[in-house]
Amino acid sequence: MKNGKPKVAIVHDWLVAYAGADRVVDCMHHVFPDAPIYTLVYDENNMPAWFKDYDIRTTYLQKLPFATKLYRAMLPWMPRAFEALDLSEYDMVISSCSSCSKGVITRPDAVHICYCHTPTRYVWDFYYTYRNNANALVRAVMPGQMLKLRQWDKCAADRVDYFIANSHYIARRIKKYYRRDSDVIYPCVHINEEPFVPKEDFYLVVGRFTWYKRIDLAVAACTKLNKPLIVIGGGGEGDKLRAMAGPTIRFLGGGLSDEEVRGYYLRAKAFLFPGEEDFGITPVEAQSAGTPVLAFGRGGACETVLDGKTGLLFDEQTPESLEACIQKFETEGVDYPPQQIREHSRSFSEQRFEDELRDYCTRRYADWQRELEACSHHETAKEAEE
């Protein structure tokens with residue numbers, strides 16, 4: 001502790017692309033600029049230039065060939081790698097976790113606060129879905145690994161002193177799988193402050209081409225309805241999506257700048273979000289551009305999209321349900337105008353996140369110090385009695 005302030009470290013699963021969880025870590029670093037960031041592996045070429053000024057420390061797995069490309073295949077070795085990190089000099093450890101980073105070892109008198117993006121999905125509720133969508137080798141190996149990983153994951157959760165959930169949806173899953181209470185602080189989203197422009201006649205979807213994003217539903221629905229759809233992103237399902245797309249579907253790839261993507265958000269008449277996600281950054285980004293969101297009514301979207309006001313929610317994860325939602329939007333629209341939709345998105349801003357995180361960590365550190373002091377007084381009184 002220095003000048004009465006705790007010495008802080010941040011721990012994150014991996015830093016290989018600047019996605020939603022990595023933006024959260026960036027904002028954490030704004031709150032604690034002196035804190036080093038510990039992570040499994042780090043690919044500086046895929047991270048923003050300013051990360052080069054951060055103190056980033058990796059595990060020994062960074063030394064393996066192709067570590068930043070094949071890091072997900074390292075799952076059986078991740079627990080040992082995070083446990084090998086020496087964090088004994090820190091009074092407060094903040095882990096940003098959707099996988100194994102919460103399993104670090106801290107001093108007995110240090111406080112560990114975990115910002116949980118999700119309990120590890122491929123270990124718990126999405127295990128069967130991940131297994132069924134994996135290749136033959138992974139399907140053969142997964143069952144033998146899962147028992148040990150579930151046991152370790154529960155033990156790792158027990159090491160956390162305070163949990164923050166990124167949504168009420170995730171808070172319920174933390175309670176289910178870890179049997180722990182948590183407090184909700186929504187993640188940070190960059191608010192689009194560009195002037196509004198006239199909406200154009202196209203729908204928009206933005207995201208990685210992976211099975212759980214369900215971009216295929218957007219492609220199928222817009223193809224069936226003959227509606228223009230712009231798809232921004234890239235990934236393993238690209239060939240499949242292009243093969244099923246009709247003439248109204250336009251793929252722009254994943255190499256656009258943030259400014260270019262914000263421009264499409266501003267011009268789109270609605271944003272499609274057919275996946276089920278823990279929170280979902282892109283629906284909030286769309287709303288910050290004043291663009292309504294048509295989202296599957298499960299997961300974090302239920303907490304960020306006001307049904308009938310800033311968007312519409314559809315009930316089933318099928319092309320037909322999304323088609324009906326699009327047709328309803330075409331005839332009825334939504335209640336809020338673009339400016340009011342943007343105002344709603346401000347409740348998820350970066351500044352709001354940083355303020356809430358700072359206040360939470362300050363309060364929890366004080367709570368922890370009082371608990372330590374109470375334990376110390378109890379031990380002193382017991383020794384005096386003896």
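This is a predicted model: local features need pLDDT of at least 70, side-chain atom pairs count only at pLDDT 80 or more; totals for chains, interfaces and linings use all residues.

**Charged pairs, aromatic rings and the interior**

Analyst: Arginine 364 and aspartate 367 both belong to helix H13, which spans residues 350-385, and they sit three residues apart, about one turn of the helix.

User: What is the N to O distance in the salt bridge of arginine 364 and aspartate 367, and which residues does the network around them join?

Analyst: The side chains of arginine 364 and aspartate 367 meet in a salt bridge with an N to O distance of 3.3 Å. Arginine 364 is buried, and aspartate 367 is buried as well. Through salt bridges that share partners, one network joins Asp183, Arg364, Asp367 and Arg370.

User: Is lysine 227 buried, partly exposed or exposed, and how many residues apart are lysine 227 and glutamate 330?

Analyst: Lysine 227 forms a salt bridge with glutamate 330, in which the closest N and O atoms are 3.6 Å apart. Lysine 227 has a relative accessible area of 23%, and because values between 20% and 50% fall in the middle class, lysine 227 counts as partly exposed. The pair links distant parts of the chain, with lysine 227 in the loop between helix H6 and strand S9 and glutamate 330 in helix H11, and the separation is 103 residues.

User: How is glutamate 343 classed by its relative accessible area, and what is the N to O distance in its salt bridge with arginine 346?

Analyst: Glutamate 343 has a relative accessible area of 42% and is therefore partly exposed, while arginine 346, at 28%, is also counted as partly exposed. Their side chains meet in a salt bridge whose N to O distance is 3.0 Å.

User: How many aromatic pairs does the structure hold, and what is the angle between the planes of tryptophan 14 and tyrosine 71?

Analyst: The structure holds 17 aromatic pairs. Tryptophan 14 lies in the loop between strand S1 and helix H1, and tyrosine 71 in the loop between strand S3 and helix H2, so this pair ties together parts that are 57 residues apart in sequence. Tryptophan 14 is buried, as is tyrosine 71. Their ring centres are 4.9 Å apart and the pair is tilted, the angle between the planes being 50 degrees.

User: Which arrangement, stacked, tilted or edge-to-face, describes the rings of phenylalanine 202 and tyrosine 264?

Analyst: Phenylalanine 202 lies in the loop between strand S7 and strand S8 and tyrosine 264 in helix H8, so the pair ties together parts that are 62 residues apart in sequence. Both phenylalanine 202 and tyrosine 264 are buried. The ring centres are 6.3 Å apart and the planes stand at 70 degrees, so the pair is edge-to-face.

User: What is the volume of the largest cavity, and which residues line it?

Analyst: A search of the whole structure finds one cavity of 30 Å³ or more, and the volume of the largest cavity is about 30 Å³. By class, its lining has five nonpolar, one polar and one charged residues. The lining residues are Leu75, Cys100, Thr120, Val123, Leu149, Trp152 and Asp153.

User: Is valine 293 buried or exposed, and how far apart in space are valine 293 and leucine 272?

Analyst: Valine 293 lies in strand S12, and with a relative accessible area of 0% valine 293 is buried. Among the residues that valine 293 touches are Phe271, Phe273, Val305 and Leu312. Valine 293 and leucine 272 are 21 residues apart in sequence, whereas their C-alpha to C-alpha distance in space is 6.0 Å.

Key. Residues are numbered from 1 along each chain as its sequence is written. Side-chain values use heavy atoms; hydrogens and water are left out. Helices (H or I, at least four residues) and strands (E, at least two) are DSSP runs, numbered from the N terminus. Buried means under 20% relative accessible area, exposed over 50%, partly exposed in between (1.4 Å probe, protein chains only). Contact means heavy atoms within 4.5 Å. On a 1 Å grid over the protein atoms alone, a cavity is a set of points where a 1.4 Å probe fits but cannot get out, and a pocket is an open set with protein on both sides within 12 Å along at least five of seven lines; lining residues have an atom within 4 Å of a point. Grid points are joined across faces, edges and corners, and a volume is the space filled by probe spheres set on the points. Ala, Val, Leu, Ile, Met, Phe, Trp, Tyr, Cys and Pro count as nonpolar, Asp, Glu, Lys and Arg as charged, and the others, Gly among them, as polar. A salt bridge is a side-chain nitrogen of Lys or Arg within 4 Å of a carboxyl oxygen of Asp or Glu. Rings of Phe, Tyr and Trp (its six-membered ring) pair if their centres lie within 6.5 Å; planes under 30 degrees apart count as stacked, over 60 as edge-to-face and the rest as tilted. Lists of a residue's contacts leave out its neighbours within four places in sequence.
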